[in-house]
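Hi,

Here is the structure I promised to pass on.

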Amino acid sequence: QVQLVESGGGLVQPGGSLRLSCVASGSIFSMWFMGWYRQAPGKQRELVAQITSDGHTNYADSVKGRFTISRDNAKNTVYLQMNSLKPEDTAVYYCRRLGTNYWGQGTQVTVSS
């Protein structure tokens, strides 16, 4: 059974930073492709960043240059470092094992002054 647990969300002022973490259960985490999604109120869930098993990354245009996805296979953890946050980044952020229906429960990120 795969479980994904996110943490690190919160309230931050515009221009601030947050780091989200997603801890996964599973003995072969290192082989998984992982993604971070977000869903703002009234909007569809969107993929913001993804990372392959060998560390290749890809980003949505809206976060490119501001967000960084990384992974620590020894800790079964994928991270999303978010810098220069904007009010439009406000959303619930989810991690997902790509190619499957395994999702975390989500963590709220609110960017507001």
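Below is what I found, starting with the ground rules.

This is a predicted model, so local features need pLDDT of at least 70 and side-chain atom pairs count only at pLDDT 80 or more, while totals for chains, interfaces and linings use all residues. Residues are numbered from 1 along each chain as its sequence is written, and side-chain values use heavy atoms, with hydrogens and water left out.

**The disulfide**

The structure holds 1 disulfide (a pair of cysteine sulfur atoms within 2.5 Å). Cys22 and Cys95 form it, with their sulfur atoms 2.0 Å apart. Cys22 sits in strand S3 and Cys95 in strand S9, so the bond ties together parts that are 73 residues apart in sequence. Strands here are DSSP runs (E, at least two residues), numbered from the N terminus. The torsion about the S-S bond of Cys22 and Cys95 is about 55 degrees, so this disulfide is right-handed.

Both Cys22 and Cys95 are buried. Buried means under 20% relative accessible area, exposed means over 50%, and partly exposed is in between (1.4 Å probe, protein chains only). Cys95 counts as buried because its relative accessibility is 0%. Leaving aside neighbours within four places in sequence, Cys95 is in contact (heavy atoms within 4.5 Å) with Leu4, Glu6, Cys22, Gly35, Trp36, Tyr102, Trp103 and Gly104.

**Strand pairing around it**

Two of those contacts, Leu4 and Glu6, make up the covered face of strand S1 (residues 4-7), whereas Val5 and Ser7 are on its uncovered face. S1 pairs with S3 (residues 18-24) in the antiparallel sense over 4 bridges; for strands to pair, DSSP has to find at least two bridges between them.

Another antiparallel pair is S7 with S8, over 6 bridges. These two strands form a hairpin with 4 residues between them, and Asn76 in the turn has a positive phi of about 50 degrees. S7 has Phe67, Ile69 and Arg71 on its covered face, and Thr68, Ser70 and Asp72 on the uncovered one. The bridge partner of Ile69 in S8 is Leu80.

**The core**

Ile69 and Leu80 turn up again in the largest nonpolar core, where they are among the residues with the most contacts, along with Met34, Trp36, Val78, Met82 and Tyr93. That core has 29 residues. A nonpolar core here is a set of buried Ala, Val, Leu, Ile, Met, Phe, Trp, Tyr and Cys residues joined through side-chain atoms within 4.5 Å. The elements giving two or more residues to the core include S3, S4 (34-39), S8 (77-82) and S9 (91-97). S3 supplies the largest share, 4 residues. In soluble globular proteins, nonpolar side chains tend to be buried together.

Met82 has contacts beyond its neighbours within four places in sequence, among them Leu18, Leu20, Phe67, Tyr93 and Val109.

**Rings and charges**

How many aromatic pairs are there? The count comes to 3, taking rings of Phe, Tyr and Trp (its six-membered ring) with centres within 6.5 Å; planes under 30 degrees apart count as stacked, over 60 as edge-to-face and the rest as tilted. Phe29 and Trp32 are an edge-to-face pair, 5.7 Å centre to centre with 70 degrees between the planes. Phe29 is buried at a relative accessible area of 1%, and Trp32 is buried at 4%. Tyr94 and Trp103 are edge-to-face because their planes are at 90 degrees, with the ring centres 6.3 Å apart. Here Tyr94 is buried at 13%, but Trp103 is partly exposed at 26%. Ring pairs join Tyr37, Tyr94 and Trp103 into a cluster.

Two arginines go with these rings. Arg71, from the covered face of S7, has its charged end over the ring of Phe29, 4.7 Å from the centre. Arg45 lies over the face of Trp103, 4.6 Å from the ring centre. The rule for a charge over a ring is NZ of Lys or CZ of Arg within 6 Å of the ring centre and within 35 degrees of the ring normal.

Cheers
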